[in-house]
Amino acid sequence: MTKQVTLSINGINVTAPDGTNVVDAAKMAGIDIPVFCHHPKLAPVGMCRMCLVEVGRPVIDRATGQVVMENGQPKIQFMPKLETACTNTVSEGMVVLTTTDKADAGQKSTVEFLLTSHPLDCPICDKGGECPLQNLTMAHGPGKSRFIYDEKLRLDKLVPLGELIWLDRERCIQCARCIRFQDEVVGESVLGFDERGRSTQIVSLSDPGFDSVFSGNTTDICPVGALTTTDFRFAARPWELQAQASVCTQCPVGCNTTINTRREVKAGGDIVVKRIMPRQNEEVNEIWLCDKGRFAYHYVESKKRLTKPLIRKDDKLTRASWDAATKFAAENFSKAKKDFVVLASGRLANEDLFNLKSLADHAGGTAIMYSDMGGGDVTALVGVGQGTNIGKMGSGDAILVVASDMYQEAPIWWLRVKQAADRGATLIVANPRSTKMDRFAKHIIRYAYGDEIKTVNDLSKKGKIADEFAKAKNAIIFYGNEGLGLNGSTGLASACATLLKETEHIGKPNNGLIGVWGRANDQGAWEVGFRPEPDLEQALKGKAVYIVGADPVGDSPALAKALKGAKFVAVQDILETATTEIADVVFAAQAFTEREGTYTSGERRVQRFYAAVPVKGDTKPDFVITSILGRQMGVILEGSSVSVVFDILANSLDAFTDLSYEKLAEVHDQWPIVGRGDMYYGGTTYENMKGLGVQLAPTAQTGATVRIPKVRKEAALRPKEKELLAVPVNKLYDRGVTVNPAQLLHQRIGEATVTLHPTAAKKLGVVEGALVKISFDGVSSEGVVKLDDTISTSVALVPRSMGIAIREPVAASVVQLGKVK
Amino acid sequence: MGVFDPVIELGRGLAETLRSFLFEPTVTYQYPEEKRPVRPRFRGRHVLKRYDDGLEKCIGCSLCAAACPADAIFVESSENTDEKRFSPGQRYASTYEINMLRCIYCGFCEDACPTEAIVLGDNYELSFTDRKQAIYTKDFLLEPVQTAEMLTPRKVDAGVYTRSVPDMKDPSD
C-alpha cells in the first residue's frame with residue numbers, strides 16, 4: 001500500500017496517498033478547488049491556471065534535516081506566488097489555502113483572462129446549464145472584464161471535427177482535455193493543437209475526421225461548449241431533461257448509462273430520448289461510453305417500431321387484439337407439441353429469457369439461442385471471479401485476447417484492457433490479422449484462421465509467452481468469434497478454459513474467461529439455459545417457431561428458406577424486420593427504454609435498467625407476452641411484475657441465488673467523484689445512484705469441481721482451388737436492426753466489404769474498391785473489395801451483419817462485378 | 001332629530017351628485033367601445049418581437065421557460081440554415097407556446113430573455129372557450145410584419161449570419 005500523507009487544506013487535516021495531487025486530495029476531503037484542464041482520469045498538465053492556491057511547506061533545517069518548530073508548531077514557509085494545485089503532489093505537513101484573498105484574486109484573474117475571447121453564447125450553447133466555465137465564472141469570476149469588448153476574437157463557430165463532433169473555436173479555452181483523453185486514455189492521437197498563441201486551435205489529425213469510437217466522451221469532459229455532438233445539437237437545454245438509469249444494449253460490456261428524455265413537439269408530443277450519457281461504474285465502464293452506445297439508440301424511436309399485435313389474414317398482417325393473437329399462437333404451439341421451438345436472442349433481458357425457457361420446458365418444446373458463438377456454459381464455469389475489475393489489473397497480471405477484434409466488438413473492454421497494458425499488464429493478442437489492440441500488446445501471436453484451438457493449446461506448453469502467462473499473478477482470457485462459427489468458438493472456449501485451469505487462473509477475482517459476445521445479454525441467455533443449435537435450419541424446418549428478438553430471415557437466406565418451411569411462425573420484436581414479414585402472428589414488444597429488467601454482461605455482472613420513456617402504442621414487455629401466451633397454452637408463468645420474475649429466476653438458478661432487485665440497486669462511493677453538480681471536475685458523466693449490479697460467482701469460485709467440456713476435433717475446412725476461405729469478422733457499426741436506424745452513424749457503417757490480401761486480389765484480378773460477387777452455400781452477395789496485407793492470401797474477410805449471410809468459415813468464390821466505385 | 005332632517009340630508013347628497021356631474025371630469029370609460037390606455041409598465045399578453053428587417057429576435061434558448069414560475073412556457077429549438085432563416089443566430093424557436101391559463105403575468109420571462117424577444121404587451125383582452133385555445137402558439141405571439149419581404153423563414157445570402165447569438169450593442173437598452 002502506498003504511503004499516506006497528512007496535510008492541511010483550509011485548516012482541515014486531510015490524509016491522502018502519497019503522489020496524489022492537491023486538487024484530488026482536496027476533493028477527497030470535500031473541498032472544491034476550481035479546475036478546467038485537470039481531470040481525475042488524466043495526467044495533470046497545469047495549462048489553465050485555474051487551480052491557483054497558496055501552498056506552504058514546513059521549513060526544514062538544512063543542517064539537521066529536522067522540521068523547524070515555532071511555538072510548538074512546525075514553521076510553515078509559504079511560496080511567494082500562487083501555485084497550481086493540480087501539478088503539486090501532497091507532502092507531509094503541507095498547508096494549502098484555497099480561499100484566501102490572494103488565491104481568490106488569482107482565480108478571479110484566471111477566469112477574466114479565459115473569458116477574453118469567450119463568446120456570450122450561453123443562451124444557445126448546448127453546454128449552457130451544465131457548463132464548468134459558466135459555473136466557475138459565477139463562483140470565482142470577477143463579474144466585470146477589463147478587456148475591451150470590441151477586441152474579442154471572432155473565430156469559426158461551426159467546425160466539424162468529424163461527422164459526430166462539432167468544434168466552436170471561439171468557445172475553446174485550450175485546456176487540451178480532449179487531446180489528452182485521446183492520447184492518454186484511448187491511445188489514438190486523432191486530435192491535436194494547430195498554430196500557437198491566440199491562434200491555437202484544436203484540429204482533427206485523422207481522415208475521416210475524429211476517427212475514434214470514443215469521440216463522444218470528449219464532449220463530456222470538455223469544460224466549455226467547444227465540443228458538442230451532432231446528435232444533441234440544439235436538441236434541448238440540459239435542465240429540461242429527465243434522467244433515468246439504464247444499461248447499454250449494444251455489446252456485452254454492459255456500460256452503465258443514463259437516458260435523458262424530454263417531451264417533444266417534433267415527435268408528436270411524446271416523451272423521447274434526447275441523449276445517452278455514461279453513468280459511473282468504475283468496475284464496468286468507469287465514466288466512459290463508446291459512440292455506438294451513445295448514438296445508436298435511435299432504433300427505439302424508429303418509424304418501423306411495431307405498436308400493436310398483428311395476425312396474418314388473407315396473406316396480410318392485420319391488427320388484432322392481444323387476446324386473439326396469443327390465442328391463435330397458443331393453439332398452434334400446443335398442437336405442435338414436441339415441434340414447438342423458441343428461438344430467442346441475447347437482445348432480451350434475463351427475465352424475458354427465463355420466461356421463454358420455462359415456457360419451452362413446460363410445453364415440451366426446445367429453447368434455442370440465436371447466436372453464432374458458443375462457450376457460455378464454459379464462462380459460467382470458469383468465468384471471471386466475483387470482484388473482478390480490469391481497472392485494477394496492471395503490472396504482474398496478464399490478459400490474453402484471442403480471436404477477437406475488441407475495438408470493433410466491445411470498445412470499452414478494449415479501452416480498459418489497453419489501460420491495463422499501460423499500467424504494466426502483459427497483453428497477449430492472438431489474432432490472424434492485425435487489430436488496433438496490437439499496438440499495446442507485449443506479445444502478438446499470428447495464426448491461420450482455423451488454428452485458434454491449437455494456438456491456445458500451445459500456450460499451455462513451455463515457451464516464453466506461455467511461461468509469462470502461467471506465472472502471471474492474475475490472468476484473464478477474452479475470446480471472441482472472429483473467423484469462427486458456433487463449433488469453432490465452442491471449442492475455443494474449452495481450450496481457453498483448460499489453459500486457465502492448468503495455470504490456476506480460475507475461481508479468483510481478476511482471473512477467468514470472458515466471452516466477447518455479439519449481443520448484450522448473450523451470457524444471460526446461457527445462464528437461464530438457452531443453447532445455440534449447430535444446425536439451425538434443420539431445427540426450424542417444419543416446426544412451430546416462436547422467434548423473439550431476432551431476425552433470422554434478414555440475416556440469412558438459408559434460415560429464411562427454413563422458416564418458410566416452418567409449420568407456424570410467431571415473431572415477437574420491437575421493430576418490423578424481414579422475419580415479421582413472413583410471420584403468422586406478430587407480437588409487439590417494448591424496447592428497453594420503456595420497461596424494467598436486468599442484463600448479464602460478459603463479465604457476468606447482473607445489472608438493472610429502468611423505464612425511461614412511456615410505453616409506445618399497444619406494446620407489452622417480452623416476459624409479459626410470454627406469460628400471456630403461456631396461460632393460453634396452460635403454462636402458468638409470472639407476468640405481472642418483473643422483479644417477481646427475477647425472484648423466481650434467482651430461486652431456480654444457482655448462480656443467481658440471493659440476488660434481488662434491491663441488491664442490484666445497491667451503490668457505494670466511487671472515486672473519482674463525478675456528477676454531483678461539480679461538472680468541472682469529472683465532466684458531465686452521471687453519478688451512479690441506481691445500482692452498480694452484482695457479479696455472479698463462477699462455478700470455479702464456489703468450490704465445486706470444474707469439468708470443462710472436451711474440445712471436439714473437426715477437420716479443417718479446405719477450400720478448393722480458385723476458392724477462398726471466407727471468414728466472418730465483426731464490425732462495430734454494422735447494419736444490425738439495433739444500429740442501422742441511427743442515421744448519423746451511416747457514414748461509419750459504410751458498405752459491405754470483402755477484405756483480401758493484395759496477392760489474392762491480384763490473382764483474382766480485382767482491385768481495391770471494386771464491386772465483387774462473393775458466393776458460398778449457393779448464395780451470392782455483393783461487396784466492395786478492401787485490401788489488407790496482414791491477412792493470409794487464402795482468406796476473404798467478410799463482416800457480419802452487413803448484408804452478407806456469413807455465420808461460420810466457408811469456402812467461397814469471389815468474382816469481380818463492376819468497375820471501381 | 002326633526003322631521004325634515006332626512007329630506008335635508010337627501011338634498012345635500014343630491015347637491016354633491018349635481019356638483020360632480022357639472023364640475024368634475026368624467027372617469028368612466030365606455031368599454032369596450034372606448035379603451036383606457038395602459039400604464040407604461042403594464043404587463044399584458046406576450047409578443048414575440050422582430051428586428052427591423054423582420055428576422056425573429058427569439059433564439060429558442062428556453063430561458064423564459066426556465067424562469068417561468070408557473071411553468072407556462074414551452075420552447076423547442078431548431079437550427080437555422082441560410083436557406084431557411086428565422087433568426088440571425090444559429091438557433092431559433094421551432095415551437096413556442098404559452099399556456100395563458102397558467103401565466104400569472106409576472107414578467108420574469110421578459111427579464112430572462114437575453115435578446116429582448118419576448119415582451120409583455122398591452123393586450124389584456126384574452127378570452128378562450130376551451131383549454132386548447134388558451135395555448136398561444138408562436139404564429140399567434142409573433143409580431144405581425146408590414147411587408148412580405150419581412151416574413152420568416154426566408155432565404156439569405158451565405159456568410160452574412162455567422163454568429164451564434166446576434167451582437168447586442170448595449171444590453172441594458
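1. Leaving aside its neighbours within four places in sequence, which residues is A:Ala344 in contact with? In this predicted model, the partners of A:Ala344 are A:Leu353, A:Leu356, A:Met369, A:Tyr370, A:Ala525, A:Phe530, A:Val548, A:Gly549 and A:Ala550.

2. A:Ala344 also belongs to the largest nonpolar core, a set of 246 residues in which A:Val342, A:Ala344 and A:Cys496 touch the most other members. Helix H14 of chain A, residues 486-502, gives the most to this core, with 8 residues. There is also a second, separate core of 26 residues, and among its members are A:Val727, A:Leu797, A:Val798 and A:Ala805. As a general background, nonpolar side chains in soluble globular proteins tend to be buried together.

3. Helix H11 of chain A, residues 411-422, deserves a reading of its own. Its 12 residues should span 16 Å at 1.5 Å a residue, and because the end C-alpha atoms are 16 Å apart, the expectation and the model agree.

4. Since 11 of the 12 residues of H11(A) are buried, this helix is largely enclosed by the rest of the structure. The buried residues include A:Trp413 and A:Trp414, but also A:Arg416, A:Lys418 and A:Gln419. Their cover includes helix H4 (177-186), helix H10 (406-409) and the strands S21 (398-402), S22 (426-430) and S24 (475-479), which belong to chain A. Just after H11(A), A:Gly424 takes a positive phi of about 115°.

5. On confidence, chain B averages a pLDDT of 92, with 97% of the residues scoring at least 70, while the predictor gives the complex an ipTM of 0.88 and a pTM of 0.95. Where pLDDT is low, the predicted coordinates should not be read in detail.

Key
Residues are numbered from 1 along each chain as its sequence is written. Chains are lettered from A and ligands numbered from 1 in the order in which they are written. This is a predicted model: local features need pLDDT of at least 70, side-chain atom pairs count only at pLDDT 80 or more; totals for chains, interfaces and linings use all residues. pLDDT is the predictor's confidence in each residue, from 0 to 100. A nonpolar core is a set of buried Ala, Val, Leu, Ile, Met, Phe, Trp, Tyr and Cys residues joined through C-beta atoms within 7 Å. A residue is buried if 20 or more other C-beta atoms lie within 10 Å of its own, exposed if 12 or fewer, and partly exposed in between; C-beta atoms are placed from the backbone. Helices (H or I, at least four residues) and strands (E, at least two) are DSSP runs, numbered from the N terminus. Two residues are in contact if their C-beta atoms, placed from the backbone, lie within 7 Å. The expected span of a helix is 1.5 Å times one less than its number of residues.
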